[in-house]
Amino acid sequence: MYNILKHAHSGIAYLLLLALVIALVYNIIGWAGNKAFTKGNKIAALIGFISSHLQLLLGLILYFVSPLGLSNLSGETMSDSMSRLYALEHPLTMIIAIVLITIGYSKSKRAEDDKSKYKKIVLFYAIGLILILSRIPWSVWPA
Ligand code: HEM
Ligand code: HEM
């Protein structure tokens, strides 16, 4: 169970990073070129959005079954940067990033004009991506 979840969480991480970069590039091109917001732009953003929710669900379960998650959260482990990353900084930052991505997607969906549809996706996804990149355990991933 733990191993399957860990591999799935690692695999979805590739998908999510790729999806966010594609959604950003695609929407930045449309925004910069003053093009109409198409179904393709929306689907690109939706794939990033769904991947982030899937990763959130996997991460949350992993947090309770992994020896590096909640069970490793204590005063003593806070002085170890790797323990602190897995038990605290990674989960917290990733949740904030996914909340931002969700807000961006929802705001874009409700926006009236094409320009603000682009703007919501690009701004919120870009901040989300930066937060995600800042707290990936790069010393162990990609393996
Ligand atoms: C801990 C788990 C999850 C939480 C807390 C969560 C939370 C949310 C929230 C708050 C929304 C509403 C966003 C809005 O304002 O439109 C939403 C929508 C959605 N979520 Fe999740 N979600 C979770 C897991 C998942 C999973 C596992 C999937 C699928 C793989 C998923 C797919 C979707 C889809 C497709 C939508 C609607 C997208 C749309 O409006 O077009 N979510 N979720
Ligand atoms: C943007 C979303 C996220 C991304 C891109 C991401 C990415 C990753 C990556 C690349 C690893 C290393 C996997 C490996 O060693 O093969 C990892 C590990 C881990 N993640 Fe996430 N993660 C995300 C969200 C979350 C969330 C929301 C939680 C918990 C609430 C979480 C909990 C964990 C835990 C506990 C581990 C350590 C697993 C272990 O090695 O035992 N992650 N994550």
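Guide: What follows is a short tour by question and answer.

Visitor: What should I know before we start?

Guide: This is a predicted model, in which local features need pLDDT of at least 70 and side-chain atom pairs count only at pLDDT 80 or more, while totals for chains, interfaces and linings use all residues. Residues are numbered from 1 along each chain as its sequence is written, chains are lettered from A and ligands numbered from 1 in the order in which they are written, and side-chain values use heavy atoms, with hydrogens and water left out.

Visitor: How many helices and strands does the protein have?

Guide: The protein has four helices and zero strands. Helices (H or I, at least four residues) and strands (E, at least two) are DSSP runs, numbered from the N terminus. Read from the N terminus, the order is α-α-α-α.

Visitor: What box do the C-alpha atoms fill?

Guide: Along the principal axes, the box is roughly 55 × 25 × 25 Å.

Visitor: And what share of the residues is buried?

Guide: Of the protein's 143 residues, 41% count as buried. Buried means under 20% relative accessible area, exposed over 50%, and partly exposed in between (1.4 Å probe, protein chains only).

Visitor: Next topic, the ligands. Which residues are closest to ligand 1?

Guide: The closest are Phe-49, His-53, Tyr-105, Ser-106 and Lys-109, out of 13 residues that surround ligand 1. A residue counts as near if one of its heavy atoms lies within 4 Å of the molecule or strand.

Visitor: Which polar side-chain atom lies 2.9 Å from a nitrogen atom of ligand 1?

Guide: That atom belongs to His-53. Oxygen atoms of ligand 1 are approached too: a polar side-chain atom of Ser-106 lies 2.9 Å from one, and a polar side-chain atom of Tyr-105 lies 3.2 Å from one. A polar contact is a pair of N or O atoms within 3.5 Å; within protein, one must be able to donate a hydrogen and the other to accept it, and residues adjacent in sequence count only if both atoms are side-chain atoms.

Visitor: Which elements give two or more residues to that shell?

Guide: Helix H2 (39-65) and helix H3 (81-110) do. H2 gives the most, with eight residues.

Visitor: How do the shell residues divide into nonpolar, polar and charged?

Guide: Around ligand 1 there are eight nonpolar, three polar and two charged residues. Ala, Val, Leu, Ile, Met, Phe, Trp, Tyr, Cys and Pro count as nonpolar, Asp, Glu, Lys and Arg as charged, and the others, Gly among them, as polar.

Visitor: What about ligand 2, which residues come nearest there?

Guide: Tyr-2, His-9, Gly-59, Ser-66 and His-90 come nearest, out of 24 residues around ligand 2. An N or O atom in the side chain of Tyr-2 is 2.4 Å from an oxygen atom of ligand 2, and for Ser-66 the corresponding distance to an oxygen atom is 2.5 Å. His-9 has a polar side-chain atom 2.7 Å from a nitrogen atom of ligand 2.

Visitor: Now salt bridges. How many are found in the whole structure?

Guide: The search finds two. A salt bridge is a side-chain nitrogen of Lys or Arg within 4 Å of a carboxyl oxygen of Asp or Glu. Arg-84 pairs with Glu-89, their closest N and O atoms being 3.0 Å apart. Glu-89 also pairs with Arg-135, where the closest N and O atoms are 3.5 Å apart.

Visitor: Why does the second pair tie together separate parts?

Guide: Glu-89 lies in helix H3 and Arg-135 in the segment after helix H4 (114-134), so the pair ties together parts that are 46 residues apart in sequence. Arg-84, Glu-89 and Arg-135 are linked in a network of salt bridges.

Visitor: How exposed is Arg-84?

Guide: Arg-84 is partly exposed, at 27% relative accessibility. Glu-89, at 23%, is partly exposed, and Arg-135, at 29%, is partly exposed as well.

Visitor: Last one, Ser-79. Where is its place, and is it buried or exposed?

Guide: Ser-79 sits in the loop between H2 and H3. Ser-79 is exposed, with a relative accessible area of 65%. The side chain of Ser-79 reaches the backbone oxygen of Glu-76 at 3.0 Å.
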